[in-house]
Amino acid sequence: MIHDRGTEHVELNRRYWDDEAAAWHGPLARDHWSRTEPRWGLWATPESQVSVLPDDLAGTRAIELGCGTAYVSAWLARAGAHPVGIDVSEAQLATARAMQAEFGIDFPLALGTAEEVPYDDNTFDLAISEYGASLWCDPTRWIPEAARLLVPGGRLVFMRYSPLFALCAGPDGTASTTLSRGQFGLARLDRGNHVQFVLPHGEMLRLLRSCGFVVEDLIEIQAPTTTPRDYAEVPADWARQWPSEEIWTARLEG
């Protein structure tokens, strides 16, 4: 299941985040770091609703793959875990370090790709990604890497765009009520100045199983009726009818 599709996307995405995306994402960091309860994704779905994290995180060795401004790692640290964050963007990590100083929460941050992580095998109990590696890295590279990093019985949690959203996203990236591409062959979305990855459910399930994971849950997220805003890529009304994003949880056999 590990295919050689090239790695040119790594540098392309690094430039995109350093030069463009960090400028609009960075100002959101303080709000994310301030949250007392994790809220996931575009629609700020509360952890109490989805329950994707272990009940007891105390002492858990965790790695956030594609951590961005590292607010997920901050949530884990507050709960007693020992997180590490890795991200390809120095600009994003600079914001993460500023937030660490402001909130007084310290944990290691590494510059690099989640497709090749500079940590030993069997180092972590939890690997997690909220629109980090799960969207911006080749799944045939980062998922085997997550399996390598986890101890037997370790957990993988990741959030990404849903395949249905990818199928309905038009040339400008906005979801519509029309299928814009075929599902067979869906994997890599070239956006010109950046690349995203969305595997269909069947392929994702087979990839996870080939890497030794047992899938425990797949949660398709519905936007709440109280959502006060739309996004350029997906209106809230669309996401109330169809899932724009989803969370996978899996456990490594052993």
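User: How many residues does the largest nonpolar core have?

Analyst: This is a predicted model. In its largest nonpolar core, the residues with the most contacts inside it include Trp33, Trp40, Trp43 and Val52, together with Leu76, Val234 and Ile247. Helix 4 (residues 71-78) gives the most to this core, with five residues. The number of residues in the core is 53.

User: Another core lies apart from it; how many residues does that one have?

Analyst: Leu65, Ile86, Phe124 and Ala127 are among the residues of this other core. In soluble globular proteins, nonpolar side chains tend to be buried together. The core that lies apart has 29 residues.

User: What radius of gyration does the protein chain have, and why does it agree with a compact globule?

Analyst: The C-alpha trace spans about 45 × 40 × 35 Å along its principal axes. For 254 residues, a compact globule would have a radius of gyration near 18 Å, so the value for the protein chain agrees with it. That value is 17 Å.

User: What percentage of the residues in the protein chain is buried?

Analyst: The secondary structure of the chain comes to ten helices and eleven strands. Among contacts with a separation of 6 or more, 72% join residues 24 or more positions apart. A residue counts as buried when its relative accessible area is under 20%. Of the 254 residues, the buried share is 55%.

User: What share of the accessible surface belongs to carbon and sulfur atoms?

Analyst: The accessible surface of the protein chain comes to about 11100 Å². As for charge, the mean positions of the 21 positive and 36 negative charges are 2 Å apart. The share of the surface that belongs to carbon and sulfur atoms is 51%.

User: Is His9 buried or exposed?

Analyst: His9 has its place in helix 1 (residues 8-25). Leaving aside neighbours within four places in sequence, His9 is in contact with Glu115, Trp136, Asp138, Arg188, Val195 and Phe197. Its relative accessible area is 1%, and because the limit is under 20%, His9 is classed as buried.

User: Where is Ala70 found?

Analyst: Phi of Ala70 is near 70°, a positive value in a residue other than glycine. Ala70 has 0% relative accessibility and therefore counts as buried. Its place is the loop between strand 3 (61-65) and helix 4.

User: What is the phi of Tyr131?

Analyst: Tyr131 lies in the loop between strand 6 (124-130) and helix 6 (133-136). With a relative accessible area of 17%, Tyr131 is buried. Tyr131 is a residue other than glycine with a positive phi, and the value is near 55°.

User: How many residues of helix 7 are buried?

Analyst: Helix 7 covers residues 139-149 and is largely enclosed by the rest of the structure. Its buried residues include Pro139, Trp142, Ile143, Glu145 and Leu149.

User: How far apart in space are Asp125 and Ile105?

Analyst: Asp125 is found in strand 6 and is partly exposed, with a relative accessible area of 24%. Leaving aside neighbours within four places in sequence, the residues in contact with Asp125 include Gly59, Thr60, Arg61, Leu150 and Arg155. Asp125 and Ile105 are 20 residues apart in sequence, and their C-alpha to C-alpha distance is 20 Å.

Terms used: Residues numbered from 1 in each chain as written. Predicted model: local features only at pLDDT ≥ 70, side-chain atom pairs only at ≥ 80, totals over all residues. Heavy atoms only, no water. Core = buried A, V, L, I, M, F, W, Y, C linked by side-chain atoms within 4.5 Å. Buried < 20%, exposed > 50% of the residue type's maximum accessible area, 1.4 Å probe, protein only. Helix = DSSP H or I, 4+ residues; strand = E, 2+ residues; numbered from the N terminus. Rg over C-alpha atoms; globule rule 2.2 N^0.38 Å. Contact = heavy atoms within 4.5 Å. Areas by Shrake-Rupley, 256 points an atom, 1.4 Å probe, with all protein chains shown as cover. Lys, Arg positive; Asp, Glu negative; His and termini not counted. Charge placed at Lys NZ, Arg CZ, Asp CG, Glu CD.
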